[in-house]
Amino acid sequence: MRITDAEWAVMEALWGGESFALGELAERLRGTNGWNKNTVYTYLTRMAAKGLVKIDRSGPRPYSAAVSRSDCAREERSELLNRVYKGAAGELIAAFLKESHISRAEAERLRRLLDEMEV
């Protein structure tokens, strides 16, 4: 499932704690996105319909993340890999390495990972 940039911002706020009241989330997102309470509420209800947000109205802090950050990151990586590189992980990694600098420690870690993957 594709998560928009706006939804990612809401999820980042939700991942910052266990559960939130609407006002708390609106306050967190006002500083970074300039959103008001109504905008945040709209995002939360849409995201709940997508299975990203849990809403438990039995308590004072009803909003929480329904999915973990690692699950969303995995989905985003998979989407990028399949859409742009047609599933070729080596091409994705090569592109990143050509376009950005990595430290010697990071390069060594990559070598070890590749060595461990060999069958």
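**Reading helix packing and one buried glutamate**

Me: What covers the buried residues of helix 4?

Reply: Helix 1 and helix 5 (89–99) are among the elements that cover them, where buried means under 20% relative accessible area with a 1.4 Å probe, protein chains only, and helices are DSSP runs of H or I of at least four residues, numbered from the N terminus. The buried residues of helix 4 include Cys 72, Ala 73 and Leu 81. This is a predicted model, in which local features need pLDDT of at least 70, side-chain atom pairs count only at pLDDT 80 or more, and totals for chains, interfaces and linings use all residues. Residues are numbered from 1 along each chain as its sequence is written, and side-chain values use heavy atoms, leaving out hydrogens and water.

Me: At what angle do helix 2 and helix 3 pack?

Reply: Two packed helices are described by the angle and the distance between their axes. Here helix 2 (residues 22–33) and helix 3 (residues 37–49) pack at about 110°, their axes 9 Å apart, which makes helix 2 roughly perpendicular to helix 3 (65 to 115 degrees). Leu 22, Gly 23, Leu 25, Ala 26 and Leu 29 of helix 2 meet Lys 37, Val 40, Tyr 41 and Leu 44 of helix 3, with contact meaning heavy atoms within 4.5 Å.

Me: Is Glu 7 buried or exposed?

Reply: Glu 7, in helix 1 (residues 5–15), counts as buried because its relative accessibility is 6%. Leaving aside neighbours within four places in sequence, Glu 7 is in contact with Arg 2, Met 47, Lys 50 and Leu 52, and its side chain makes a polar contact with that of Lys 50 at 2.9 Å (N or O atoms within 3.5 Å, one able to donate a hydrogen and the other to accept it, with residues adjacent in sequence counted only if both atoms are side-chain atoms).

How values were computed. Helices (H or I, at least four residues) and strands (E, at least two) are DSSP runs, numbered from the N terminus. Buried means under 20% relative accessible area, exposed over 50%, partly exposed in between (1.4 Å probe, protein chains only). Axes are lines fitted to C-alpha atoms, for helices over the stretch in contact, and angles run from 0 to 180 degrees between N-to-C directions. Angles under 35 degrees count as roughly parallel, over 145 as roughly antiparallel, 65 to 115 as roughly perpendicular and the rest as oblique.
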